[in-house]
Amino acid sequence: MTEPNPAPEYQKRSRSKTPLIVAVIVVVVIAIVVAAFALGRGAQEETADDELTVGLVLEPTSLDVRTNTGVATSQILLDNVYEGLVGIRAGTVAELEPVLATDMPELSDDGLEYTFTLRDGVAFHDGAELTADDVVASLAETLVPENIGFAATPAKVDDRTVKITLDEPNNTLLWQLANFPGAIREADATNNLADSAIGTGPFAFEQWKQGDSLTLVKNDDYWGDAAKLDSVVFRFLPEGRAAVNALQEGDLDVFTALEPELRDELQGDDDFALVRADSSDVFTLGFNTAEAPLDDQRVRTALSRAIDTDALISAQNGDGKPLGSPITELEPGYRDLTDVNAFDPDSARALLAEAGQQDLSLELTVPNIYPTTVADLLKSQLADVGVTLGIRQVDFPTWLEQVYTNHDFDLSYVDHAEARDFANYANPDYYFGYDSPEVQELFAKAIAATDDAEADRLLQEAAARVAEDAPAKWLFNYTPTNVVGTQVQGFPDANTNSRINLGDVSIQR
Amino acid sequence: MTRFLLARTGVLAVGWLLASLVIFGTLRLLPGDVAQVIGGTKASPERIAALRQQLGLDQPLLLQYTDWIGGVLRGDLGASVVTGTPILSELAEKAEVTIPLALLSLVIALAVAFPMGVFAAYRRGTGVGQTVSALGLVAAAIPAVWAGLLITIVGSTWLGWFPSQGFPREGWADPGRALRSLALPALTIGLGEGAVLFRFVRSATLSALDAEHVRTAMSQGSTRLRALLTQGLPGVGLSIVSILGLQAAALLVGAVVVEQLFGLPGLGSMLVSDVSTRDLPKVQSTLLVLTGFILVIGAVVDVVHRLIDPRLRDGAE
């Protein structure tokens, strides 16, 4: 030490000094936030007048309609971008109408040959004209037994005529043609079908920002009535809360399938109508009928009677209708079967006692895409008849592997969204493992019937039989709440969980 | 220094390769695969088997790994098995949301943690100091989902200043709007991270106050505050820099939850949706890039630490 220590000075600790560094950081942050705020104020969202923004819960995994048959892909692409020879009339679940064909097909007397006449002047979005070759090439690729369960051979008769020949009569062919297997693609197109789409519909594919949105634009050269919207943006909002916020901030015109729990948030808001859309969605509690103890029909019946479906529907805020079989009232073969194995806890307890299963413990496998409200309620309802239900939440791919593919489960809870999917109950390899020769025979006769009324009667009979056998409990027919802005006109009010035909939708701001 | 840099790079490379093995292996333990997801509940077993073959999922795992890592080493991250889009371009697009989000969160975290931490330590033992410390503890314990909801209610529903969800479709074409849409999510991550950092700052400042060089300065006549600011804080800054590497990982984890909550199309929500479709090549390449990023930040922090800390310079070795 060369310098002498200065004498210690005693001074009051200063409390008022603020460290410079603090001030600098605080000022910088405030500056950033204020700048963002100020800059953003000027640029309010500007949307084209006739642009409709639709919020969806699910995003397509891929746009390839040959392999991907998810609901998000069909909601966006079928009807709007891709069309078939026949289609589903907008606003219905199962009524068919001619689309790329001029009329419904001529059917040969033996029920094996369907002849379609193609519409004139139909062009793909890239300008190429639709030909019989496009139709035959598309169908040859997708109308195969791995997709539709039976053999069908498309062939070109002349430039405007296509004939489809079956090995055996099957009245579900037209239904298949109205769905993914019937979507007509351009034979010579070289685009990547997984992330783009070229079809003949009223809207053309524009852009897919994965994880965010998909945009369609009006097809000015559409063969039919031109779309009333200039463009449509589908936004993907898996988080229900974010969807409600987006609606309230005016970022969405429509949101389909609002979580029932969030209904109250928008109830009474004058800017929106809450519309319950009819659907073919059946929330299904599937039983593994191939394994003990659920191979015992008494146990399955007991479980079915232990469940109070009205309470489940209330817990869904009313977003559902009671159902007694896998067939909803919008599909062929419907009969009211809600009184079969209806709620009756006393009889459930008696049946369990008879089967020697008073102390039953079962596990329910639930994909985590569904809220647990219903599963929790099932647990308490089953506890009431002495059945202990464990709930195992898994992600959807795990459900597909363990339940759907390996049949490794007791009970399963999923939404069977597909319309006209009764074939699952006539297929002993399906995950329920339900094997009833009688039902299989009735179903085979029903699809081979050439008379619609006869087919309907046979399906009803098969459904009644399935309801008695209880390979599953049909908890409710989901009627999802769609939130539709009052500025939107003509938004379909049925089947929107599978298809959203926007051909007639308009917007008035 | 050269030796140090070489050694540090070696550690980085080995760590990154090991991470690639862990990432690849762990993802293969997930049940279900992309062929089943694409097929859904309609596809027959034959259809699934055909898809599996088409996507190369039937190849031996070792071959799949070497194909992947070989591609990555040549700079090819591969393509999504679901959509066929190149993973690199997807990553670049989503990074436009996540990187600014993480940086903004970091600025907020530091702006909260530093002054509050120093203040709480400086006023240790007083009512105000105790209150600030307790607040920090409580804030660190709030789950991001809950904090996000509260912040949305205040910042969007009440004040109406910021959007509560979404990111402009045009991206950064309008920077003000893009920044505004990141404000609430960044606040959610930043306050949570800030509360964690606060405790580090506070304890670092406490030990600085007791450190001999600070006490020496005071004994030479400096006020307690001046001694802390001139002698103590450089050391505090140093210890905060050294934990920023760890915080980079925490910020990215925060982004996974918060991006979902605010409907932001960033890396976090992309990872969640890719896991749920079992697009494993995309998930593993994304994770590998993020891991590399975090490892590099860690290495840079080490080097910077060495440069600014006189005790670690070459002469001192």
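The questions below go from the numbering to the sheets, the helices and the contact between the chains.

Reader: What kind of model is this, and how are its parts numbered?

Author: This is a predicted model, in which local features need pLDDT of at least 70 and side-chain atom pairs count only at pLDDT 80 or more, while totals for chains, interfaces and linings use all residues. Residues are numbered from 1 along each chain as its sequence is written, and chains are lettered from A and ligands numbered from 1 in the order in which they are written.

Reader: In S9(A), what is the bridge partner of A:Lys209?

Author: S8(A) pairs with strand S9 (residues 213-218) of chain A in the antiparallel sense, over six bridges. Within S9(A), the bridge partner of A:Lys209 is A:Ser213.

Reader: In S18(A), which residue is the bridge partner of A:Lys321?

Author: A second open sheet, of six strands, has the order S14-S18-S13-S17-S15-S16 in chain A, again with mixed pairing. Its edge strands, each pairing on one side only, are strand S14 (320-321) and strand S16 (387-394) of chain A. S14(A) is joined by two bridges to strand S18 (residues 472-478) of chain A, the two running antiparallel. In S18(A), the partner of A:Lys321 is A:Asn477.

Reader: How many of the ten residues of helix H8 of chain A are buried?

Author: A residue is buried if 20 or more other C-beta atoms lie within 10 Å of its own, exposed if 12 or fewer, and partly exposed in between, with C-beta atoms placed from the backbone. In H8(A), the buried residues include A:Val299, A:Leu303 and A:Arg305, and the buried residues of H8(A) pack against strand S13 (282-287), helix H10 (345-354), H11, S16 and S18 of chain A. Helix H8 (residues 297-306) of chain A is mostly covered, the number of its buried residues being eight.

Reader: Why does H13(A) count as roughly antiparallel to H14(A), and what is the handedness of the crossing?

Author: The axes of helix H13 (residues 437-448) and helix H14 (residues 452-469) of chain A come within 8 Å and cross at roughly 160 degrees. That angle makes H13(A) roughly antiparallel to H14(A), given that angles under 35 degrees count as roughly parallel, over 145 as roughly antiparallel, 65 to 115 as roughly perpendicular and the rest as oblique. A crossing is left-handed if the near helix is turned anticlockwise from the far one by less than a right angle, and right-handed if clockwise. The crossing of H13(A) and H14(A) is left-handed.

Reader: Is B:Leu251 buried or exposed?

Author: B:Leu251 lies in helix H10 (residues 224-261) of chain B. Two residues are in contact if their C-beta atoms, placed from the backbone, lie within 7 Å; leaving aside neighbours within four places in sequence, B:Leu251 is in contact with B:Ala102, B:Ser105, B:Leu106, B:Ile189 and B:Glu193. Because B:Leu251 has 25 C-beta neighbours inside 10 Å, this residue counts as buried.

Reader: How many helices does chain B have?

Author: Of the 317 residues of chain B, 41% count as buried, and the C-alpha trace spans about 85 × 55 × 35 Å along its principal axes. Chain B has zero strands, and its number of helices is twelve.

Reader: Which element gives the most to the side of chain A that touches chain B?

Author: The contact takes 53 residues from chain A and 57 residues from chain B. On the side of chain A, the elements that give two or more residues are helix H1 (20-42), helix H4 (145-148), H6 and helix H12 (396-405). With nine residues, the element that gives the most is H1(A).

Terms used:
Axes are lines fitted to C-alpha atoms, for helices over the stretch in contact, and angles run from 0 to 180 degrees between N-to-C directions. Helices (H or I, at least four residues) and strands (E, at least two) are DSSP runs, numbered from the N terminus. Two strands pair if DSSP finds at least two bridges between them.
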